[in-house]
Amino acid sequence: MDEGTVRTHEDTDAAATARHARFGHLPEPVRAEDMVEERPAAAPDPARDAYDPDEWLVRYCL
């Protein structure tokens with residue numbers, strides 16, 4: 001075998017240490033409040049809120 005293809009014990013330990021440093025612990029828990037985004041489904045429409053329920057009575061019934 002070539003000398004470059006043989007892994008030494010130190011290389012394996014260094015790789016294991018690097019792997020453990022990166023993947024050896026769980027990530028921080030995420031709160032439920034941080035997973036929810038609240039925003040209105042549609043922009044407010046001023047014409048829609050300007051409806052007068054008595055206006056149709058005056059227009060059609062009198």
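Trainee: What relative accessible area does Trp-56 have?
Mentor: Good place to start! Buried means under 20% relative accessible area and exposed means over 50%, with partly exposed in between (1.4 Å probe, protein chains only). Trp-56 counts as partly exposed because its relative accessible area is 40%.

Trainee: What kind of model are we looking at, and what mean pLDDT does the protein have?
Mentor: This is a predicted model, in which local features need pLDDT of at least 70 and side-chain atom pairs count only at pLDDT 80 or more, while totals for chains, interfaces and linings use all residues. Residues are numbered from 1 along each chain as its sequence is written, and side-chain values use heavy atoms, with hydrogens and water left out. pLDDT is the predictor's confidence in each residue, from 0 to 100. Here 82% of the residues score at least 70, and the protein averages 79.

Trainee: Which helix holds Trp-56?
Mentor: Helices are DSSP runs of H or I with at least four residues, strands are runs of E with at least two, and both are numbered from the N terminus. The protein has 3 helices and 0 strands, giving the pattern α-α-α along the sequence. Trp-56 falls within residues 55-61, which form helix α3.

Trainee: Which element has the lowest mean pLDDT?
Mentor: Where pLDDT is low, the predicted coordinates should not be read in detail. At the top is helix α1 (residues 9-23), with a mean of 85. The lowest mean, 74, belongs to α3.

Trainee: Which residues does Trp-56 touch?
Mentor: Contact means heavy atoms within 4.5 Å. Leaving aside residues up to four places away in sequence, the partners of Trp-56 are Tyr-51 and Cys-61.

Trainee: How much accessible area does the nonpolar patch with Trp-56 have?
Mentor: Patch residues have over 30% relative accessible area and no salt bridge; like charges are joined within 9 Å, and nonpolar side chains (Val, Leu, Ile, Met, Phe, Trp, Tyr) within 5 Å. Areas come from the Shrake-Rupley method with a 1.4 Å probe, and for residues only the protein chains shown count as cover. Tyr-51, Trp-56, Leu-57, Val-58 and Tyr-60 make up this surface patch. Together they have about 590 Å².

Trainee: What share of the protein's 62 residues is buried?
Mentor: The accessible surface of the protein is about 6800 Å², with 56% of it on carbon and sulfur atoms. Among the 62 residues, the buried share is 0%.

Trainee: How many salt bridges are there in the whole structure?
Mentor: A salt bridge puts a side-chain nitrogen of Lys or Arg within 4 Å of a carboxyl oxygen of Asp or Glu. Arg-31 pairs with Glu-33 at 3.9 Å and with Asp-34 at 3.2 Å. Glu-37 meets Arg-39 at 3.5 Å. The whole-structure search gives a total of 3.
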